[in-house]
Amino acid sequence: CLAWANESWTGRWHGLDNQILLKQEYPGEEDFKNHFYAMLPAFADKRYLKVGDKNVFMIYRPQDIPDLKSFTDLWQSLAKKENVPNFHFIAIAHNAKFQDQGVEGYVSHAPQVLIRRCKRKKTVLRYLNKLFPKHPERFNYQTLSSFMVNQELKSFEYPVVVPNWDNTPRSGNRGLVLTNSTPKAFGKWMAAAVKKVSLKDEEERLIFIKS
């Protein structure tokens, strides 16, 4: 399946926050049509991932799209016009708040959002480090994976599992490092995710693995 990484391409990962290499804009309906037709060969491919009889399409930042419902409605109508399957839109989101805008599922942005769900203690030191980073943020993988194993899968949610994480090669002191990850802990997290999706209809048993 395909995902739309709808955000501007900037130089922030190497300290050039204000440098816009390629700006994400939303000029209107014609642009949405052009986007659809650029992807049409993939949407018509029989190998394309489906939930039921619908093509899965993911949206990275649904909150940034002006009038998201207009976008999802337009693509559904174009799919019908071109005789390809309708869409099962999945948002990268914290909850199901986009459900009334044509989105039928969501998956959490990992691992950052998952760590916040751990109800970590907010300290002054943590906020100072975010403002003036002297070293990357570190979080124990075992703590995160154990927490996620025991989390109930919410309605419309698809589980995400993270094997490890270290984005410091591109983000330096602003990065995040998960420490103490092991195949055994990853295995437990994955097994729990499999068990949770087994309660869904067979066609909706999707698990996402974040890089």
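## A chat about the core and a helix pair

Q: Hi! Leaving aside neighbours within four places in sequence, what is Leu114 in contact with?
A: Setting those neighbours aside, Leu114 is in contact with Ser108, His109, Leu144, Phe147, Met148, Val160, Val162 and Trp189. Contact means heavy atoms within 4.5 Å.

Q: Before we go on, what kind of model is this, and how are residues numbered?
A: This is a predicted model, where local features need pLDDT of at least 70 and side-chain atom pairs count only at pLDDT 80 or more, while totals for chains, interfaces and linings use all residues. Residues are numbered from 1 along each chain as its sequence is written, and side-chain values use heavy atoms, with hydrogens and water left out.

Q: Thanks! Which residues have the most contacts inside the largest nonpolar core?
A: They are Ile90, Val107, Leu114, Leu144, Leu178, Trp189 and Phe208, in a core of 28 residues. Such a core is a set of buried Ala, Val, Leu, Ile, Met, Phe, Trp, Tyr and Cys residues joined through side-chain atoms within 4.5 Å. Buried means under 20% relative accessible area, exposed over 50%, and partly exposed in between, with a 1.4 Å probe and protein chains only.

Q: Which elements each supply at least two residues of this core?
A: Strands S5 (54-59), S6 (87-92), S9 (160-161) and S10 (176-179) do, along with helices H3 (112-117), H5 (141-149) and H7 (183-197). Helices (H or I, at least four residues) and strands (E, at least two) are DSSP runs, numbered from the N terminus.

Q: And what does the second, separate core include?
A: That one has 23 residues, including Phe57, Leu68, Ala93 and Phe98.

Q: Changing topic: at what angle do the axes of H1 and H2 cross?
A: The axes of H1 (residues 29-43) and H2 (residues 68-81) cross at roughly 45° and come within 10 Å. Those axes are lines fitted to C-alpha atoms, for helices over the stretch in contact, and angles run from 0 to 180 degrees between N-to-C directions.

Q: Who makes that contact?
A: From H1 it is Glu29, Phe32, Lys33, His35, Phe36, Tyr37 and Phe43, and from H2 it is Phe71, Leu74, Trp75, Leu78, Ala79 and Lys81.

Q: How many helices and strands does the chain have?
A: There are 7 helices and 11 strands. Of the 211 residues of the chain, 38% count as buried.
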